[in-house]
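Colleague: I have this model open on my screen and would like a close look at a single part of it. Could you walk me through the sheet and the aromatic rings around it, starting from the overall make-up?

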Amino acid sequence: MKKRFVSVLCAATMACSIHATALTSFTDVHPEDWYYDAVNYAVSNNLFNGTSATTFSPSQPMTRGMFVTVLGRLAEVDTESHTGTSFSDVPATAYYAPYISWANGEGIVSGIGNGRFFPDTPVTREQIAKMLFTYAQSLHIDTNTDFIPDKYYDYTDYHTVSRYASQAVSWCVNKGIINGSNGKINPQDTATRAEVATMLMNAEPVLNDINTNEPDKQPIPDIEPEDTANSENTSAAEIVTNEIEQRPTGHSAVDEYGGYWDYDLSNATFDAINDLREQNGLDRFAYSLQVQEWADIRSKELVGAYDDKLYDAHMRPDGSVFATVGKGCNTENALLTILPGYAQENLNMWYASTGHRENMLNTRSKTAAVSAYVRGQKIYVIQLFNILTAEELNNL
């Protein structure tokens with residue numbers, strides 16, 4: 001059974017009992033504020049109320065204990081069934097104690113180490129992402145990020161997300177729960193009440209398992225936007241060149257590991273994917289020699305991922321994500337198969353998976369390349385996508 005939003009949270013302390021206040025009576029929230037709709041949503045759905053009868057305090061930080069309480073009430077937790085305390089710094093009499101005990105028992109939270117939770121510490125944006133992610137898993141909602149949601153890598157500070165939270169932040173970004181602002185996620189920043197209200201509003205359809213794939217829907221920022229009135233317009237149309245006539249063919253020379261790149265298989269797979277796009281009314285990907293070079297690097301790196309289990313298939317040997325292989329790389333598909341290898345078989349295997357299929361049919365990438373690295377009887381295949389045109393890539 002899907003849970004609905006029924007929580008009530010008072011920002012200063014759960015012991016207070018400020019009743020739901022009409023949004024129009026908040027002197028610190030105005031229709032022109034970026035968070036106006038989110039605050040209206042939070043108040044009207046009793047997620048949490050004002051800090052007084054006339055104020056909402058949108059810029060005030062929310063604590064870890066408060067946020068776990070929100071999740072517990074979303075889940076309609078029976079507080080009488082969680083009367084103990086899970087952490088040394090969580091008093092059994094505290095309003096948040098039963099919710100933290102529940103969340104810890106469900107694997108939603110695990111504290112900060114040494115048996116402590118720090119309930120009164122302001123919660124960060126990446127901590128919220130992690131808790132929403134694990135809460136969604138407890139509801140058996142699909143949180144699979146194996147297919148590398150490409151929107152995550154559009155943010156210039158994605159590499160600053162803590163490793164423990166990277167999958168959760170990626171999922172939240174892909175689902176539109178976290179949209180950031182001005183190209184940044186700001187993962188370690190303290191989450192304000194306005195930001196939390198916005199994230200919860202964005203999360204409602206996801207946590208109720210409603211389809212949110214609306215390509216024309218504009219994301220709602222969850223960070224106060226900067227003034228961009230004087231910024232230059234960079235949305236002018238660009239000429240896309242295609243280097244498909246220059247792509248390599250045949251097999252490369254055998255390298256020091258006894259492997260080689262099969263460019264005929266790579267090219268045939270690339271063409272089959274473009275044919276699929278045409279059948280679905282989409283433009284064909286332009287081919288880029290630069291993306292091919294990066295794809296060749298990635299296909300060889302799959303050996304360490306698939307055979308040696310040294311890292312995830314979409315990670316690199318140095319621990320970084322696949323996108324660090326080259327500028328503009330925004331998503332990829334990976335595959336391990338065996339000789340002799342067929343382009344249609346590669347396409348069919350990716351098409352059978354929702355995430356891989358969405359990558360092949362994505363409308364954000366402009367260029368792509370496929371690389372098939374062969375070693376022994378195994379073929380390590382990568383399709384690498386890039387948001388830059390071949391012309392832009394040549395000007396790097």
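Modeller: Happy to. The protein chain has eleven helices and five strands. Bear in mind that this is a predicted model. Of the 396 residues in the chain, 50% are buried. The chain exposes about 18,600 Å², and 48% of that comes from carbon and sulfur atoms. Take the contacts between residues at least 6 apart in sequence: 73% of them join residues at least 24 apart.

Now to the sheet, and I'd start with strand 4, residues 367–375. It is mostly covered, with eight of its nine residues buried.

Go to strand 5 (residues 378–386), which runs antiparallel to strand 4 and is joined to it by nine bridges.

Strand 2 (residues 286–287) runs parallel to strand 4, and two bridges join them. Tyrosine 287 has alanine 368 in strand 4 as its bridge partner.

Leucine 384 turns up again when you look at the packing. It is among the residues with the most contacts inside the largest nonpolar core, a set of 108 residues; Phe48, Phe67, Leu71, Tyr135 and Ile177 are on that list too. Helix 6 (residues 193–207) supplies the largest share of this core, nine residues.

On to the rings. The count for the chain comes to eleven aromatic pairs. One of them is phenylalanine 48 with phenylalanine 56, a stacked pair with the centres 5.7 Å apart and 25 degrees between the planes. Planes under 30 degrees apart count as stacked, which is why that pair gets the label. Phenylalanine 48 has a relative accessible area of 0%, so it is buried. Phenylalanine 56 also has a relative accessible area of 0%, so it is buried as well.

For contrast in geometry, look at phenylalanine 285 and phenylalanine 385: their ring centres are 5.4 Å apart and their planes are at 70 degrees, so this pair is edge-to-face. This one brings us back to the sheet, as phenylalanine 385 is in strand 5, while phenylalanine 285 is in the loop between helix 7 (263–279) and strand 2. The pair links distant parts of the chain, with 100 residues separating the two. Both phenylalanine 285 and phenylalanine 385 are buried.

Back at phenylalanine 48, ring pairs link Phe26, Phe48 and Phe56 into a cluster. Phenylalanine 56 has a charged neighbour too: the charged end of arginine 193 sits over its ring, 4.3 Å from the centre.

Technical notes. Residues numbered from 1 in each chain as written. Predicted model: local features only at pLDDT ≥ 70, side-chain atom pairs only at ≥ 80, totals over all residues. Heavy atoms only, no water. Core = buried A, V, L, I, M, F, W, Y, C linked by side-chain atoms within 4.5 Å. Buried < 20%, exposed > 50% of the residue type's maximum accessible area, 1.4 Å probe, protein only. Helix = DSSP H or I, 4+ residues; strand = E, 2+ residues; numbered from the N terminus. Pairing = 2+ DSSP bridges. Contact = heavy atoms within 4.5 Å. Areas by Shrake-Rupley, 256 points an atom, 1.4 Å probe, with all protein chains shown as cover. Phe/Tyr/Trp six-rings, centres within 6.5 Å; stacked < 30°, edge-to-face > 60°. Lys NZ or Arg CZ within 6 Å of the ring centre and 35° of its normal.
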